[in-house]
Amino acid sequence: MTDTRQTEGTVPLGPDQFTGPTPDNALRDADRDAKASMVAADGTPLKASLARSLRRQKLRALMLVAPLLIFVLVTFIAPIADMLFRSVQNEIVVDTLPRTVAALQDWDYESGEVPGPAVFDAMTRDMMVAVERKEHTRLGSRLNYELTGISSLLRQTGRDVEDIGEVQLDAMVGLDPAWEEPATWAGMLTTPDYREAAAEWAIRADEGGRLFDEPPPRMELAEAAQALPLTADAYTDFARTIGTESQDSALEEEPWPLVYMSLVQDLRQFPAAADAFEGDDGARLAALVEALPTIPEVDTRAAFLEIDEEWADPQVWGTIKAFSPPYTPGYFLSAADLTLTPDGVEAMPEDERIYRTLFLRTIFMSLAITFSCILLGYPVAWLLANLPARQANVLMILVLLPFWTSLLVRTSAWKVLLQQQGVINDILVWLGLVGDANRLVMINNVTGTIIAMTHILLPFMILPLYSVMKTIPPSYVRAAKSLGATDFTAFRRVYFPQSVPGIGAGSILVFILAIGYYITPEIVGGTKGVFISNRIAYHISTSLNWGLAAALGSILLVAVLILYWAYDRIIGIDNVKLGG
Amino acid sequence: MTTKKILTLSTALVGFAGMATAQMEATESPVAGMEMADEMTIVSWGGAYQESQLKAYVEPYLEMNPDVSVTWDESSAEAVAGLRAQTEANNLTWDLVDVTAADAMRLCDEGLAMEVDIDEVAAPAPDGTSATDDFTEDMLVSDCFIPQIAYSYTFGYRNDVAEWNGNTPSSICDVFDLEAFPGQRALERRPHNNMEWALLCDGVAMEDVYDTLETEEGQDRALAVLDRIKDQTVWWTAGADTPQLLADGEVVFGSTYNGRLFSAIVEQDQPIEMMWDTQSFDLDGWIIPAGLDEPTLNRVLDFLWFATDTQRLADQAAYISYGPARQSSAPLVGTHAELGVEMAPHMPTNPENAQGAFVQNYEWWADYRDELDAKFQAWLAQ
């Protein structure tokens, strides 16, 4: 036990001071002697030979740890990294509203005006596609984090947006019933190859029945469709969506109103486009161009304002624009009680700020718990280390017993003890120390959390302290006393400094465990004794704001790393000992 | 409109209660005879509620289909988060999930739950009424939702509080009146219901509650009412907390699900009474996760056809005091399976209880949840 102490005071030998060969030194030696071109027995240069054998050794070592390494990487680090990455992810806006995001580039929020018709046209197209893919409600929940009310706005608009193109659809079908036929559209816009493949697929699907799950063939646009850009674009979205969502082919489904609307728009802009088509298609399009004046115009802006007046609010558009980049600092700002508005970063309204307080409270309470663990654990550890083995063993079991009991049971036990009609209050009232009307409030607040968590984390303080104290030779204190030190001085100048590494280890363990604790504060913390982890859990499982949960988690992780780093700088991590 | 519907439902309930004798046979499901999986994972809430499902239709179903095995997962409280994670990981392990109406709407919105035609998944009533008409529009709040029961948030109070001088609370506003009814309260640690109740006691009419709550002043008004009892309130997170707190005498007044109070009062005989005034209605039912493979889906559909029929929903009411979602089940509701008490008076849908009931607006909460929650939590932490 004492021989480890003998080297104390002498300078520890680093790898470079060792005289014997170590793998690193050998490589360096070989390097130094390379000019002298030392060779191994087989004639290769010694350096190369050594490097090879070292590489082999390292590889073997790596293979030994590989199972654990892969296990940790795959099941622990990768999911956490993925989860934390969500704190900045924001592709949903640009994925759902690609045309709107592009159109909004030319709009300036500062102008204070509602965007022009081009933006509303783009929004109509995006919304029609998003509704068919059922993506608009999800986007609504995302943007609702930033501006309350967008969720219902998008849901309401989603219900009514289909009707916008309806008048033109009706007018076209009134003009020529063939427009209602899926085959008319497919014949006009797709290649013959695709139509053939889709027809064969339909036959197979009929034969396959319910178990048939082959995806329909991918739609290919005909050359002539280029003449009608909006229509081609809308039809492509239509064919792709029904292919993936409902496993249908474009040959059998009537296109969305969006496609009709696009065709009218295209022909108004390029009346000559009809010439690009031959036969019936060309004739039908020509007839449609002819009849264009009778087909009602669609004012998408007016239509949107009719669905909901909120669309006239530049704030809505500003929010969409502000959150259009694929990555956003929005969640981190929310985690710091700030918010990204079209006007820039602003503080949250005072009555909605919670996170800064929570972070500070988490750190303060974790420190308080760590401190009370030191206070309570130190004497116990000292007893454990100094009592005769028999008593020490009994004491050790008493320390470990709660450690083996379920966390929930221990926490619930505290509930029974601490509540106002609980055991402790009952005893105090019985003793006459407190009046029946003034029972102490010891639970559902900060006190409750600190008491219960101190108890739960105490073994994590006692065990490292004990293992360090066990290695402190009692002769040192005896020597100090024989040299005239009082009990207190002997403790302060001789014993205590030697037990500091144990305090360091215990404190780090307890503090890091405490800062991420969740179950105990949830049960005994009430409203003022909860930690930031309780909010993270709330956002993961109840509010489903995973981005914000990830941002809060990242901040917590960074805070712990910074504290660890600070600890290393101030006290030194080498001073931490979990045992002799 | 919903209140009206609940009244018709409950009239039927009282009119015919006790008349039911013979068990009605289940009809064959539309997927009968197709290839079906032999295993099924059902997600539910655990506790007495899951027990009622087990007794009323899972065990009978397993008796009819001895090859099938059912795995329970008690994760309904985290259903939305769980399904989202499973779908993103492309590893769907749940086959049928029991959720609240609000969660069903969220799952449907996100495309995580399968949209169903209620007439294709639920049997018509014995008299031939289609499932749509039997459940009625008020229950069918989402395209993915197959309703089972109507439950409510109600208050329970201790009937042995000396300071109350023999008075008993009868109105929701008594919750906020510390002078007449001193003592600790238990309220849920989230804004839902609490904000509405507070506004109702500040003179806001039932139909104006959500319009008022939309405004800053309205929210402040609600919080001001809650301020009156703030430091006399224990905030609960689990439905079992309130009955426990009431039984311990920690609180004298507390809100929770009516079924929990029923078991504390009737089954455990605690000195607790129920206050039905302004109970807040909510619905619970099934959703089918989107993306099940064909045989599993067939098994789930076969089970649902049986489990949501008129007789089975009525059977469930013999184990727990939640109102069956079908109108046609109401007359079949009888007595408690073990205690033999008449269940009708303990149902939230009973006309006497349903008087002045409040109906939550799920869509409104979907919009304002984040904002109000931040405000509420900040208020709690002050």
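The model is predicted: local features need pLDDT of at least 70, side-chain atom pairs count only at pLDDT 80 or more, and totals for chains, interfaces and linings use all residues. Residues are numbered from 1 along each chain as written, chains are lettered from A, and side-chain values use heavy atoms, without hydrogens and water.

**Exercise 1.** Find how much area domain 2 and domain 3 of chain A bury between them.

Solution. 
1. Take the bounds, which come from an automatic or database assignment: domain 2 covers 92-162 + 306-351 and domain 3 covers 171-294.
2. Ten residues of domain 2 and twelve of domain 3 make the contact (heavy atoms within 4.5 Å).
3. Buried area is the accessible area (1.4 Å probe) that two parts lose on being put together, summed over both. Here the value is about 1,000 Å², with 50% on carbon and sulfur atoms.
4. On the domain 2 side, A:R125, A:E132 and A:R133 lose the most area, together 52% of what that side buries.

**Exercise 2.** Count the salt bridges between domain 2 and domain 3 of chain A, and describe the domain 2 side.

Solution. 
1. Apply the rule: a side-chain nitrogen of Lys or Arg within 4 Å of a carboxyl oxygen of Asp or Glu.
2. The count is three salt bridges.
3. A:D237 and A:R99 form a salt bridge, with their closest N and O atoms 2.4 Å apart.
4. The domain 2 side that touches domain 3 has two nonpolar residues, one polar and seven charged (Asp, Glu, Lys and Arg count as charged; Ala, Val, Leu, Ile, Met, Phe, Trp, Tyr, Cys and Pro as nonpolar; the others, Gly among them, as polar).
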